[in-house]
Amino acid sequence: MEEIKIVFHQKYLKYDFGPGHPFWAGRAAPFLEKLKKYKIPHEILVPEKASDEDILLVHTKDYLNRVKRLARECGALSIDTPVNPDILEASYYSVGGSIMALEHTLKGERVMNLLGGLHHAGISDSSGFCIFNDHAIAIRKLQKDGKIKKAMIYDIDVHAGQGTQEIFYSDPKVFTISLHQDPTTLYPGTGFASQKGEGAGEGYNLNMPLPPGTGEKEYLQALDSVLPLAKKFPHDVVVLVLGVDTFEEDPLASIKLKEETYQKIGQRFKKFAKLAVMCAGGYSRKTPDLWLSFLKGYLWP
Ligand SMILES: [Zn+2]
């Protein structure tokens with residue numbers, strides 16, 4: 001079995017929107033326990049805090065200032081996305097974690113960031129429990145540093161990542177592919193098949209909406225139909241936004257994958273030599289087990 005590098009900072013546990021909110025800030029802790037219990041070879045990588053300069057690679061100065069002000073006031077970016085100093089600090093570490101994850105991926109390591117894939121954060125606005133678009137920032141930073149030219153994103157969170165879509169919509173150097181529940185039936189209400197990118201980026205944004213109730217067979221067929229696209233798009237790194245809110249017991253959505261489906265998904269992504277896994281959505285109490293199921297497919301020979 002291969003070793004997995006786990007990007008994790010104690011500050012991640014502070015990404016906590018308060019009682020009654022569906023985001024489970026503490027989910028990393030039982031997952032780390034399970035890695036030990038099941039003797040999964042792993043090493044913890046502790047990320048640094050990202051800088052404002054990093055954030056501004058994607059977000060506007062006005063947005064960053066607004067987030068900082070709201071954090072001081074313990075306000076909210078939207079009805080579902082409160083901000084306070086702890087959440088803001090954890091968000092900076094999430095970005096630092098995604099930068100670190102991509103850098104280690106380029107060395108040929110298998111890497112998983114336990115707080116990443118915050119795909120609802122757009123250039124100048126956000127909602128959906130996301131403050132900064134960590135993986136978009138990481139891609140832009142590695143491009144700026146000359147470490148990569150082109151990147152692919154496979155986003156399999158149950159929600160469409162409208163923030164990531166907006167950021168790369170006219171960019172032909174980042175090919176974004178998203179499988180998600182039909183956005184006419186779920187937040188964020190956008191992410192349609194007709195949205196294919198614009199200008200130079202036309203053809204580099206692919207949305208594959210799936211009807212509520214989609215089960216394993218149809219889901220894996222859809223995934224298998226888009227995986228070969230990686231061969232047609234020369235790239236230096238792949239980001240996998242691994243939402244496990246496609247699980248049948250997830251309280252926020254209606255796709256019906258089973259625990260063992262994630263192992264089959266992991267097997268499919270094993271063939272990617274340079275893949276950074278971002279642990280995005282996942283609101284059932286089974287989330288740590290679903291990540292573990294993914295690793296069984298991803299790491300086992
Ligand atoms: Zn989600």
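1. A crossing of two helices is called left-handed if the near helix is turned anticlockwise from the far one by less than a right angle, and right-handed if clockwise. In this predicted model, the crossing of helix 9 and helix 10 is right-handed.

2. Two packed helices are described by the angle between their axes and the distance between the axes. Helix 9 covers residues 259–269 and helix 10 covers residues 287–299; their axes lie 6 Å apart, at an angle of about 40°. Helix 9 is therefore oblique to helix 10, since angles under 35 degrees count as roughly parallel and those from 65 to 115 as roughly perpendicular.

3. Which residues make the contact between these two helices? Helix 9 contributes E259, E260, Y262, Q263, K264, I265, G266, Q267 and F269. From helix 10 come D289, L290, S293, F294, L295, K296, G297 and Y298. By class, the residues of the contact of helix 9 with helix 10 are seven nonpolar, five polar and five charged.

4. A second pair is formed by helix 4 (residues 85–106) and helix 5 (residues 134–144), whose axes come within 8 Å and cross at roughly 50°. Helix 4 and helix 5 are therefore oblique to each other. The crossing of helix 4 and helix 5 is right-handed.

5. On the helix 4 side, the residues that meet helix 5 are S94, V95, G97, S98, I99 and L102. Their partners in helix 5 are D134, H135, I137, A138, K141 and L142. The contact of helix 4 with helix 5 comprises six nonpolar, four polar and two charged residues.

Terms used. Residues are numbered from 1 along each chain as its sequence is written. This is a predicted model: local features need pLDDT of at least 70, side-chain atom pairs count only at pLDDT 80 or more; totals for chains, interfaces and linings use all residues. Axes are lines fitted to C-alpha atoms, for helices over the stretch in contact, and angles run from 0 to 180 degrees between N-to-C directions. Helices (H or I, at least four residues) and strands (E, at least two) are DSSP runs, numbered from the N terminus. Angles under 35 degrees count as roughly parallel, over 145 as roughly antiparallel, 65 to 115 as roughly perpendicular and the rest as oblique. Two residues are in contact if their C-beta atoms, placed from the backbone, lie within 7 Å. Ala, Val, Leu, Ile, Met, Phe, Trp, Tyr, Cys and Pro count as nonpolar, Asp, Glu, Lys and Arg as charged, and the others, Gly among them, as polar.
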